[in-house]
Amino acid sequence: MRSFWQRNRWLMLRRSSQLMILALFLIGPLLGIWWVKGTLASSFSFDFLPLTDPMILLQTWLAGHTPERQAVIGAALVLGAYLIVGGRVFCSWVCPVNLITDLAHWCRRRWGLKAGQQVAKNSRYWLLAGVLLLSFITQTVAWEWVNPVTGLQRGMLFGMGLAWAMALAIFVYDTFLVSRGWCGHWCPVGAFYGLLGKVALLRVTAPKRHACDDCMQCFYVCPEPQVIRTALKGQGSPVIVAGECSNCARCIDVCDQDVFKISHRFNQHTDLPL
């Protein structure tokens with residue numbers, strides 16, 4: 001029998017990461033400890049480290065503005081980091097909205113809600129294209145007008161206002177209308193980082209897929225279950241290479257057969273059955 005820690009270690013590490021990053025942004029305005037200044041869109045940390053969301057920089061260029069040198073360096077650092085650890089690591093290890101969507105998914109399971117609307121998986125990519133086009137047309141960083149991530153950050157400091165409405169709308173939508181609806185079908189930020197994830201180095205692999213007992217727990221907990229099947233049930237590479245995978249590692253947590261592990265995209269090794 002696996003312990004509680006073994007079945008939830010990656011989940012607890014993710015929650016710690018999300019809360020710690022959020023705390024770093026909040027302790028400046030709240031306690032006067034300015035280790036990090038700014039938001040998840042653009043920040044300056046420890047008086048030397050600029051970090052900029054590459055999607056923000058791309059919108060800035062499309063809007064016809066010349067970004068400052070510090071913003072370009074910050075975007076290059078973020079881009080390089082996510083090309084190593086996986087683009088959608090932002091979604092599962094950093095983004096505070098993930099706390100809301102995971103809560104909604106837990107409520108769906110707790111309340112036994114099964115039915116939901118069908119939404120095309122590529123909707124988020126169309127929305128991403130629309131956001132970039134809108135930035136070009138309006139000459140503004142269009143997504144920041146409605147971005148729930150930075151909206152929640154600002155709301156925690158200056159009063160939630162419309163941020164409450166955005167958070168509640170996402171929770172209600174994911175709970176009652178579409179399972180994993182916001183992150184899995186609509187969020188353009190997740191779509192952007194998913195494109196990076198297609199070529200990222202760090203990947204979840206299934207080297208012991210021969211030991212799978214078809215319990216379906218990995219599919220049950222995965223926010224993007226469609227990414228698992230080829231690596232787990234196919235005859236080729238055991239590496240989950242789909243950009244939509246967020247490297248949340250919940251499949252590792254829940255698998256009693258230890259089928260999955262964190263590795264890299266070039267590790268094609270599969271353990272031979274005994």
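The structure holds 10 salt bridges, a salt bridge being a side-chain nitrogen of Lys or Arg within 4 Å of a carboxyl oxygen of Asp or Glu. The model is a predicted one, in which local features need pLDDT of at least 70 and side-chain atom pairs count only at pLDDT 80 or more, while totals for chains, interfaces and linings use all residues. Residues are numbered from 1 along each chain as its sequence is written, and side-chain values use heavy atoms, with hydrogens and water left out.

One of these salt bridges joins the side chains of Arg2 and Asp258, at 4.0 Å from N to O. This pair links distant parts of the chain, 256 residues apart: Arg2 belongs to the segment before α1 (4-31), and Asp258 to the loop between α13 (250-254) and β5 (261-264). Helices (H or I, at least four residues) and strands (E, at least two) are DSSP runs, numbered from the N terminus. Arg2 counts as buried because its relative accessibility is 16%, whereas Asp258, at 42%, counts as partly exposed; buried means under 20% relative accessible area, exposed over 50%, and partly exposed in between (1.4 Å probe, protein chains only).

A second pair is formed by Arg88 and Glu224, whose closest N and O atoms are 2.8 Å apart. Arg88 is buried, with a relative accessible area of 3%, and Glu224 counts as buried at 2% relative accessibility.

The side chains of Arg180 and Asp102 meet in a further salt bridge, at 2.7 Å from N to O. Arg180 lies in the loop between α8 (162-177) and α9 (181-186) and Asp102 in helix α5 (residues 97-111), so that the pair links distant parts of the chain, 78 residues apart. Both partners are buried: Arg180 has a relative accessible area of 12%, and Asp102 has a relative accessibility of 15%. Salt bridges that share partners also join Arg2, Arg7, Asp256 and Asp258 into one network.

The next topic is the sheet. Strands of a sheet pair through backbone hydrogen bonds, either parallel or antiparallel. In this model, 3 strands form an open sheet in the order β1-β2-β3, with antiparallel pairing; two strands pair if DSSP finds at least two bridges between them. The edge strands are β1 (36-38) and β3, each of which pairs on one side only. From one strand to the next, the twist averages 20°. Strand β2 (residues 42-45) is joined to the antiparallel β3 by 4 bridges, and Ser42 stands opposite Thr52 in β3. Helix α3 packs on the sheet, touching β2 and β3, and its direction makes about 75° with that of β3. For such angles, axes are lines fitted to C-alpha atoms, for helices over the stretch in contact, and angles run from 0 to 180 degrees between N-to-C directions.

Within the loop between β2 and β3 is Phe46. Phi of Phe46 is near 55°, a positive value in a residue other than glycine. Phe46 counts as partly exposed because its relative accessibility is 45%.

How many residues does helix α3 have? Helix α3 (residues 69-85) has 17 residues and reaches 25 Å from its first C-alpha to its last, close to the 24 Å expected at 1.5 Å a residue; the expected span is 1.5 Å times one less than the number of residues. The buried residues of α3 are Gly74, Ala75, Val78 and Tyr82. They lie on the same side of α3 because they cover an arc of only 100° around the axis, the arc being that of the directions from the helix axis to the C-beta atoms. What covers these residues includes β3 (49-52), α2 (54-62), α4 (89-94) and α10 (188-197). Just after α3, Gly86 takes a positive phi of about 115°.

Helix α2 contains Thr60, which counts as buried at 15% relative accessibility. Leaving aside its neighbours within four places in sequence, Thr60 is in contact with His65, Pro67 and Val141, where contact means heavy atoms within 4.5 Å.
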